[in-house]
Amino acid sequence: MKKTIMRLIIVAAGMFIASLLHADDGNLAVHIDQIIDRNFPVLEVFVSVTTKDQEPILQLVEGNFSAFIDGKEMKSKINIEQFVYAKNMGVSFYLLIDNGGVMYGEPMDFQKQAAKMLLEDIEEHPQDTISLYTYTDEAVQIFENETYSDKLFDSIDEIENTFSPPKLYDSVANVVRKINPEVAKKRKIIIITSNGRDDGSQYTQEQVFEMIDKLNIPVYTIGFRVMGNENLNLLESLSNHTGGAYIFARRQSLIPNNMKTIIEQVRNGYILKFSVNEITGADDYHQLKIAVTHKEGDASFYKNFFAKKTPFPYTLVIIVILLVVIIAVALAVIGILFFTQRYRIEIGTIARCKQCKRRIKKEWVEECPFCKYLDSSKKKEPA
């Protein structure tokens with residue numbers, strides 16, 4: 001119990017420090033979306049690099065990136081690939097839109113347009129899935145884990161406003177609990193469109209952060225004003241803490257454009273793969289820093305991850321042993337068959353004709369059926 005509490009304290013402290021140390025010079029921004037450590041000590045890291053105007057920076061190379069674990073620079077080669085060109089890589093999108101009473105009219109319409117824009121993008125990526133939820137006092141599923149389908153547009157159009165108090169933290173917690181933590185092969189993104197109000201959630205910010213940290217999922221947020229009593233800092237803190245991006249829509253009509261910006265950042269991010277053999281401490285928390293140097297400026301981002309010790313592959317060992325046994329038995333059988341075939345002349349019921357040398361039954365020794373009908377000119381002299 002004490003060990004668990006200490007780990008939680010370390011995570012909270014590390015993420016607090018990360019928010020303080022998220023460094024950039026104003027011209028460049030780096031975000032660590034996700035850290036996939038299932039093949040530890042090899043890490044697979046999704047990274048977004050953008051300008052101050054949220055435009056993705058393309059065609060970065062290995063030399064632009066540096067990786068640090070617990071403050072120590074990693075010397076291993078960083079393999080880099082732009083996500084848009086990665087094969088067999090899909091994204092699971094989880095979209096929450098605010099359908100409270102204050103969203104009636106244009107705020108709701110523009111959020112629906114943004115949802116449709118995301119859906120249109122997924123049409124071009126058949127490996128992607130999308131889940132859509134509305135929220136006020138809780139997250140309500142509209143559809144879940146769907147690939148592209150025209151019918152989903154109708155589901156978006158049918159969304160109506162409700163008049164329950166908005167509980168953003170509770171709704172985010174509802175969605176996070178639905179995400180399968182074992183689905184590690186797909187990239188996962190949470191996107192929220194909201195004015196940031198939270199009216200009496202049972203979950204605290206710290207509890208929601210802890211839930212998201214365990215899944216290691218970035219939260220992208222689009223904030224906009226409706227009545228002037230918004231809490232947009234809540235959205236910004238969600239994004240900054242998790243490695244996503246916060247975008248403020250100066251006008252509600254810009255919400256769809258902001259969704260397009262998020263899509264471009266996700267699609268044009270990078271996959272970094274590198275080994276961290278230099279560090280010790282599997283089954284423990286570590287802090288990863290990714291630094292980028294570019295003509296636009298320098299920037300870095302910090303994110304904690306839990307390095308799982310690779311379990312001993314007992315199943316694989318058993319399979320190998322079984323294969324060895326099967327191969328040994330097969331070789332033994334082949335050897336026995338060969339031995340029997342080779343020597344059964346002496347130990348079995350087969351002999352050879354002294355003239356034609358063909359194999360015959362022992363009782364045929366006196367009169368070989370082959371020699372009986374063989375031309376005398378072709379008969380061989382007895383050895």
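Visitor: How many bridges pair strand 1 with strand 2, and in which sense do they pair?

Guide: Keep in mind that this is a predicted model. A hairpin of two residues links strand 1 to strand 2. Look for Ala 29, whose bridge partner in strand 2 is Thr 50, and for Val 30, whose partner there is Val 49. The pairing of strand 1 (residues 28-39) with strand 2 (residues 42-51) is antiparallel, over nine bridges.

Visitor: Is strand 2 mostly covered or mostly uncovered, and how many of its residues are buried?

Guide: A residue counts as buried when its relative accessible area is under 20%. By that rule, strand 1 is mostly covered, with 10 of its 12 residues buried. Strand 2 is mostly covered too, and its count of buried residues is nine of 10.

Visitor: Which residue of strand 12 is the bridge partner of Val 45?

Guide: Strand 2 also pairs with strand 12 (residues 270-275), in the antiparallel sense and over six bridges. Follow Val 45 across to strand 12, and the bridge partner you reach is Leu 272.

Visitor: What is the strand order in the open sheet of six strands?

Guide: Start from the edges, where strand 8 and strand 11 (246-249) each pair on one side only. From one strand to the next, the twist averages 15°. The pairing in this sheet is mixed, and the strand order is 8-7-6-9-10-11.

Visitor: Which residue of strand 9 stands opposite Leu 96?

Guide: Strand 6 and strand 9 run in the parallel sense and share seven bridges. Find Leu 96, then look across to strand 9, where the residue opposite is Ile 192.

Visitor: What angle does the direction of helix 2 make with that of strand 6?

Guide: Helix 2 packs on the six-stranded sheet. Helix 2 touches strand 6, strand 7, strand 9 and strand 10, and its direction makes an angle with that of strand 6 of about 170°.

Visitor: Are helix 2 and helix 7 roughly parallel or roughly antiparallel?

Guide: Helix 2 (residues 106-123) and helix 7 (residues 255-267) pack with their axes 8 Å apart, at an angle of about 30°. Angles under 35 degrees count as roughly parallel. The crossing of helix 2 past helix 7 is right-handed. With the 30° angle, helix 2 and helix 7 are therefore roughly parallel.

Visitor: How many nonpolar residues are in the contact of helix 2 with helix 7?

Guide: From helix 2, the residues involved include Phe 110, Met 117 and Leu 118, and from helix 7 they include Ile 255, Met 259 and Ile 263. The contact also has two polar and three charged residues, while the number of nonpolar residues is nine.

Visitor: Why is helix 4 said to be largely enclosed, and how many of its residues are buried?

Guide: Helix 4 lies across strand 6, strand 7, strand 8 and strand 9, at about 30° to strand 8. Its buried residues, among them Leu 168, Tyr 169 and Asp 170, pack against those strands and also against helix 5 (205-215) and helix 6 (232-242). Helix 4 (residues 168-178) is largely enclosed by the rest of the structure because its count of buried residues is nine of 11.

Visitor: Is Asn 216 buried or exposed, and what is its relative accessible area?

Guide: Asn 145, in strand 8, has a positive phi of about 50° though it is not a glycine, and counts as partly exposed at 46% relative accessibility. Asn 216, in the loop between helix 5 and strand 10 (219-224), has a positive phi of about 60°. Asn 216 is buried, and its relative accessible area is 13%.

Note on methods
Residues numbered from 1 in each chain as written. Predicted model: local features only at pLDDT ≥ 70, side-chain atom pairs only at ≥ 80, totals over all residues. Heavy atoms only, no water. Axes fitted to C-alpha atoms, helices over the stretch in contact; angles between N-to-C directions. Helix = DSSP H or I, 4+ residues; strand = E, 2+ residues; numbered from the N terminus. Parallel < 35°, antiparallel > 145°, perpendicular 65-115°, else oblique. Left-handed = near helix turned anticlockwise from the far one by under 90°. Contact = heavy atoms within 4.5 Å. Nonpolar A, V, L, I, M, F, W, Y, C, P; charged D, E, K, R; others polar. Buried < 20%, exposed > 50% of the residue type's maximum accessible area, 1.4 Å probe, protein only. Pairing = 2+ DSSP bridges.
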